[in-house]
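Visitor: Hi! Could you walk me through this one?
Guide: Happy to. Let's bring it up on the screen.

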Amino acid sequence: MAAPGENLRINPDRLWDTLMEMAKIGPGVAGGNNRQTLTDEDGEGRHLFKKWCEEAGMTVGVDKMGTMFAYREGTDPSLPPVYMGSHLDTQPTGGKFDGVLGVLGGLEVVRTLNDLGIKTKHPIVVTNWTNEEGTRFAPAMLASGVFAGEHTLEWAYDRVDAKGNRFGDELERIGWKGDKEVGNRPIKAFFELHIEQGPILEDEGIDIGVVTHGQGLWWLEVTLTGNDAHTGSTPMHKRRNAGLGLARVTELVHEVAMDYQPDAVGAIGHIEVYPNSRNVIPGEVVFTIDIRSPNAEVLNEMRARIEQGIELIAEALDISSDVEAVGHFEPVTFDENCVKAVRDAAERLGYSHRDIVSGAGHDACWINRLAPTAMVFCPCVDGLSHNEAEEISKEWAGAGADVLFHAVVETAEIVE
């Protein structure tokens with residue numbers, strides 16, 4: 001198939017203006033965005049995106065999970081479309097680019113095709129997946145998970161937020177419950193542009209991350225039970241200190257992750273200490289361990305070592321331990337040909353690039369189960385994301401969208 005000429009580029013000024021216009025909807029308190037899924041602000045952002053897509057000559061459909069599909073015709077409508085996109089919903093204290101860049105970068109690809117009068121054999125679809133963040137309705141990547149058959153539609157509708165609001169009810173309330181069935185769509189390939197959400201690209205001065213894998217993960221909930229007792233009057237050798245167990249497990253998780261560098265990570269997140277009093281030795285601690293690796297064998301070996309280590313720590317401190325797996329995601333290997341299309345695009349355009357592993361989950365991780373998929377990363381300042389101070393440059397956004405353009409258009413096949 002013919003590749004686009006290296007002189008073909010998107011309009012970075014227009015892309016940036018579009019990003020800044022969307023950022024006006026659901027402004028945060030510190031310069032970012034609070035446009036959580038299925039809020040009024042989410043609905044307003046969707047309306048603006050739909051308006052832009054229709055102005056670009058696309059037809060917008062919505063499925064029963066509220067996911068938006070903006071369709072640009074190909075010269076052969078019998079061929080499966082090439083999809084691109086991400087999400088418009090944000091964290092409560094989110095930035096202006098996480099997810100949004102992938103959706104509006106996709107829109108910019110279509111606008112550029114229109115500007116240049118380029119037709120493709122395959123149709124092209126720009127997607128806005130519902131509830132990628134999972135901050136209001138758990139779990140994350142909910143709509144793409146239903147699309148991929150990981151969750152049922154009814155189960156997703158019954159998810160509730162902290163105030164007891166049902167996902168299905170809120171979807172209807174904001175007017176974005178569509179009539180299209182979820183899934184069962186022909187897809188030639190899916191490409192997702194995203195900010196890295198980590199510091200590697202900026203630290204190394206690299207323009208483009210070619211995402212080859214996504215991290216698999218285990219979430220383990222650990223309960224350590226000792227005996228709460230007075231901190232002043234209980235001799236050190238008589239203590240059954242669950243808090244000390246937490247400290248040692250924290251060190252254990254770090255050590256295990258360091259043994260599997262460069263890509264493995266691990267840390268303890270949520271922690272509850274009982275009775276949580278300044279002069280009482282903790283009698284019980286409940287906490288979560290998050291371990292990740294792009295290699296399934298490594299991931300499971302890390303889990304086994306940590307669980308064995310917890311048993312030894314508990315035995316040494318005369319406390320009991322219980323470990324329950326509360327979350328799991330298999331590692332993702334993105335499609336070799338799609339990854340090559342991204343890498344070749346960066347080469348053709350003269351952008352510096354490197355292979356990279358995604359440490360975060362993305363809708364592309366679910367879609368990869370259904371169709372050939374790849375991701376494009378651009379740097380973000382200090383690797384900061386899920387924070388209102390999240391920042392990228394116009395040049396980084398433009399380079400990422402250029403690579404997206406070339407990978408998508410090459411895959412969709414230019415009509416000569």
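Visitor: Which strand does Thr288 lie in?
Guide: Thr288 belongs to strand β11, which runs over residues 284–293. Keep in mind that this is a predicted model.

Visitor: Is Thr288 buried or partly exposed?
Guide: Thr288 is partly exposed, because its relative accessible area is 22% and buried means under 20%.

Visitor: And what does Thr288 touch?
Guide: Leaving aside residues up to four places away in sequence, Thr288 touches Leu220, Glu221, Ala267, Ile268, Gly269 and His270.

Visitor: Switching topic: what does UniProt list for residues 215–309?
Guide: An unreviewed UniProt entry gives that span as "domain: Peptidase M20 dimerisation". In the model, residues 215–309 are 33% helix and 36% strand, and their end C-alpha atoms lie 23 Å apart.

Visitor: What about the whole chain? How many helices and strands are there?
Guide: The chain has 12 helices and 15 strands. Its C-alpha trace spans about 80 × 45 × 40 Å along the principal axes.

Visitor: Why does the radius of gyration agree with a compact globule?
Guide: A compact globule of 416 residues would have a radius of gyration near 22 Å, and the chain has 23 Å, so the two agree.

Visitor: How much of the chain is buried?
Guide: Buried residues make up 55% of the 416. Also, among contacts with a separation of 6 or more, 79% come from residues 24 or more positions apart.

How values were computed. Residues numbered from 1 in each chain as written. Predicted model: local features only at pLDDT ≥ 70, side-chain atom pairs only at ≥ 80, totals over all residues. Heavy atoms only, no water. Helix = DSSP H or I, 4+ residues; strand = E, 2+ residues; numbered from the N terminus. Rg over C-alpha atoms; globule rule 2.2 N^0.38 Å. Buried < 20%, exposed > 50% of the residue type's maximum accessible area, 1.4 Å probe, protein only. Contact = heavy atoms within 4.5 Å. UniProt positions renumbered as here; feature names shortened; annotations may be inferred.
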